[in-house]
Amino acid sequence: MTALTTLSKIRGIIRRASDGMMQLLAILVLAMMLAIAVQVVASRLGVNSIVSWQNSVFLFDRAITLNSLIELHWYFLSAIILLPIATIWADDAHVRVDFIYSALSSRAQAAIELIGHFLFTLPFLIMCIPAAWNMTLVAYSRGERSQDDGLLERFLVKGMIPLAFGILLILIAVQLPSLIRRLLSRRNPS
């Protein structure tokens, strides 16, 4: 199996995972809308504890309250905002001055991408991922939770940062050989 075949298979896996993640995020958007609707109705009716039970349940403890629904938005939003970062990057939909970039040759585009990766993206990710991971571990080890009858597992929200940036780091690592090949290519495909 050649390196190009392997890279092609990895890209296919990344694309399928990305498509599945986007479908999951669409479901999370709907779940968040439902949580907001329930919260608005319960607030209007003056009900604080919406549903309660005897034993502690993951994330919710012993009840679903107005505060837990408000905090649930953080959980949904952290996933909805952070997880698609790699998908946006893979689809080449991230911010840049496209009207200038698109006029450049393929080699010049690859050079710009590589410079951006090595000067900005990779140093940022290399500093951010361990710091975010440590923040997540501290939240987990301390058992951080809401103080106002909200949700229990605060580390889940914080854990979205190293997860999303870790996925982005893997994607960039997969893209680097292709960018280097384009930069070193003698021909200039458009």
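The exercises below, each with a worked solution, concern a predicted model.

Residues are numbered from 1 along each chain as its sequence is written, and side-chain values use heavy atoms, with hydrogens and water left out. In this predicted model, local features need pLDDT of at least 70 and side-chain atom pairs count only at pLDDT 80 or more, while totals for chains, interfaces and linings use all residues.

**Exercise 1. Salt bridges**

Determine how many salt bridges a search of the whole structure finds, and describe where the partners lie.

Solution.

Step 1. Side chains of opposite charge can pair when their charged atoms come close. A salt bridge is defined as a side-chain nitrogen of Lys or Arg within 4 Å of a carboxyl oxygen of Asp or Glu. The search of the whole structure finds three salt bridges.

Step 2. Asp61 and Arg145 meet through their side chains in a salt bridge of 3.9 Å, N to O. Asp61 belongs to strand S2 and Arg145 to the loop between H5 and H6, so this pair ties together parts that are 84 residues apart in sequence. Helices (H or I, at least four residues) and strands (E, at least two) are DSSP runs, numbered from the N terminus. Arg145 counts as partly exposed, at 33% relative accessibility. In these exercises, buried means under 20% relative accessible area, exposed means over 50%, and partly exposed is in between (1.4 Å probe, protein chains only).

Step 3. Glu71 forms a salt bridge with Arg154, and the closest N and O atoms are 3.6 Å apart. This pair links distant parts of the chain, with Glu71 in helix H2 (residues 66-82) and Arg154 in the loop between H5 and H6, 83 residues apart. Both Glu71 and Arg154 are buried.

Step 4. Lys158 forms a salt bridge with Glu144, where the closest N and O atoms are 2.7 Å apart. Lys158 lies in helix H6 and Glu144 in the loop between H5 and H6, 14 residues apart. Lys158 is partly exposed at 21% relative accessibility, and Glu144 is partly exposed at 23%.

**Exercise 2. Aromatic pairs**

State how many aromatic pairs the whole structure holds, and classify the pair of Phe124 and Phe165 as stacked, tilted or edge-to-face.

Solution.

Step 1. Rings of Phe, Tyr and Trp (its six-membered ring) pair if their centres lie within 6.5 Å; planes under 30 degrees apart count as stacked, over 60 as edge-to-face and the rest as tilted. Two aromatic pairs are found in the whole structure.

Step 2. The ring centres of Phe124 and Phe165 are 5.4 Å apart and the planes stand at 70 degrees, so this pair is edge-to-face. Phe124 lies in helix H5 and Phe165 in helix H6 (residues 155-184), 41 residues apart. Phe124 is partly exposed, with a relative accessible area of 42%, whereas Phe165 is buried at 12%.

Step 3. For Tyr140 and Phe155, the ring centres are 4.9 Å apart and the planes are at 80 degrees, so this pair is also edge-to-face. Tyr140 is in helix H5 and Phe155 in helix H6, so the pair ties together parts that are 15 residues apart in sequence. Tyr140 is exposed at 54% relative accessibility, but Phe155 is buried at 18%.

**Exercise 3. Gln175 and His117**

Identify which residues Gln175 touches, and decide whether His117 is buried or exposed.

Solution.

Step 1. Gln175 lies in helix H6. Leaving aside residues up to four places away in sequence, Gln175 touches Trp89, Ala90 and His117, where contact means heavy atoms within 4.5 Å.

Step 2. The side chain of Gln175 also makes a polar contact of 3.3 Å with the side chain of Trp89. A polar contact is a pair of N or O atoms within 3.5 Å; within protein, one must be able to donate a hydrogen and the other to accept it, and residues adjacent in sequence count only if both atoms are side-chain atoms.

Step 3. His117 is found in helix H5 and is buried, at 1% relative accessibility. Its contacts, again not counting residues up to four places away in sequence, include Trp89, Ile172, Gln175 and Leu179.

**Exercise 4. Positive phi angles**

Give the phi angle of Leu59 and that of Asp61.

Solution.

Step 1. Leu59 is not a glycine, yet its phi is positive, about 80 degrees. Leu59 is placed in the loop between strand S1 (49-57) and strand S2 (61-65), and at 11% relative accessibility it counts as buried.

Step 2. Asp61, likewise not a glycine, has a positive phi of about 65 degrees. Asp61 is found in strand S2.
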